[in-house]
Amino acid sequence: MDFPTIWFIIIGVLWTGYFVLEGFDFGVGMLLPVLGRGTDAADGEKRRRVLINTIGPVWDGNEVWVLTAGGATFAAFPHWYATMFSAFYLPLLLILVALIVRNLGFDYRGKRDDDRWRANWDKAIIVGSFVPALLWGVALTNLVRGLPIDANKEFTGNLFTLLNPVSLLGGIVTLGLFLTHGALFTALKTSGQIREDARGVATKVGMVTAVLAVALLLVLGTQYGGNTWSWLTTVVAAGSLLAALGANLAGREGWAFIGTFVTIAMAVATYFLLLFPNVMPSTLNDAWSLTVDNASSTTYTLKIMTVVALVFTPIVLLYQSWTYWVFRKRIGTQHIPAAAEPVAAGR
């Protein structure tokens with residue numbers, strides 16, 4: 001196996017790590033208006049603080065994965081990076097703005113004891129979670145479908161090129177998967193009525209998402225170069241989602257969360273298996289497609305990157321695993337003080 005192929009796999013793993021981790025905190029953010037409703041204003045505020053506290057210690061660490069994936073793509077496949085970021089300029093700008101607004105929401109909602117202040121920042125968290133959850137799916141699906149790329153490796157389409165039915169379906173599927181993933185994470189991390197409500201949301205959203213996800217993966221597999229491996233990961237993704245819904249109905253939130261974790265991982269793997277050996281197929285001429293070979297850096301660059309990855313990746317994984325272990329206990333509204341008080345991000 002040559003270095004470009006190895007780095008294509010590594011980048012696939014990095015994007016997988018991002019979606020399975022950031023996916024559930026996107027889901028929790030989008031569920032604030034659903035699971036954050038209480039019997040009165042005070043109870044509702046407690047429930048929303050519980051939801052935010054479930055992801056408070058980990059959301060910023062989860063975002064590191066997208067920075068690493070983007071940086072690795074830039075270093076290992078500069079032509080892929082340049083063409084992709086040119087083609088997806090507006091969607092990626094919207095994602096970046098949404099993430100900034102969302103992060104500000106986490107940091108600032110507890111800085112003032114004012115209902116309107118908190119409500120406005122809650123909206124920032126909700127919208128900042130919704131936009132990336134939708135647009136990442138649109139972008140990834142467009143990669144598999146192919147884009148109008150000319151002989152100079154330049155994107156010749158426009159925004160409406162990206163807003164096609166299949167890619168929009170891809171965005172809706174990632175949105176549904178993240179909502180389900182987030183609901184199951186909430187059920188796993190909370191106690192009391194929030195836990196029960198989260199399980200109910202996971203079942204309802206998960207059933208709809210399962211149908212849409214199967215339809216999407218069937219379309220991609222039959223029309224865009226499905227192979228034995230991509231069909232295998234498709235079957236595993238579908239089976240894992242059904243198993244997750246079954247475990248959720250049985251009250252086994254841990255297994256249910258693992259199920260959606262595997263579902264998202266296998267869905268991303270399916271995308272990358274459908275892409276290979278291309279990284280950005282051209283719909284204008286197959287000869288103009290960007291591949292792992294014609295879009296990669298030099299062998300020497302990839303060798304240095306491999307050494308760096310071998311040294312630092314285990315350190316990052318150990319640290320992030322330790323963070324999740326430290327904050328593993330369930331929380332509930334009984335852990336939230338009756339009177340709202342200014343809090344730091346992550347409380």
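Author: A charge sits over a ring if NZ of Lys or CZ of Arg is within 6 Å of the ring centre and within 35 degrees of the ring normal. The model is predicted, so local features need pLDDT of at least 70 and side-chain atom pairs pLDDT 80 or more, while totals for chains, interfaces and linings use all residues. Residues are numbered from 1 along each chain as its sequence is written, and side-chain values use heavy atoms, without hydrogens and water.

Reader: What lies over the face of Trp-117?

Author: Arg-112 does, at 4.1 Å from the ring centre. Likewise, the charged end of Arg-328 is placed over the ring of Trp-325, 3.9 Å from its centre.

Reader: Why is the pair of Phe-19 and Phe-178 called stacked?

Author: Rings of Phe, Tyr and Trp (its six-membered ring) pair if their centres lie within 6.5 Å; planes under 30 degrees apart count as stacked, over 60 as edge-to-face and the rest as tilted. Here the centres are 6.1 Å apart and the planes at 25°, so the pair is stacked. Phe-19 and Phe-178 also belong to one aromatic cluster, with Trp-15 among its other members.

Reader: What makes Phe-19 count as buried or exposed?

Author: Buried means under 20% relative accessible area, exposed over 50%, partly exposed in between (1.4 Å probe, protein chains only). Phe-19 has 3%, so Phe-19 is buried. Phe-178 has 2% and therefore counts as buried.

Reader: How do you know which class Gly-157 falls in?

Author: Its relative accessibility is 26%, so Gly-157 counts as partly exposed.
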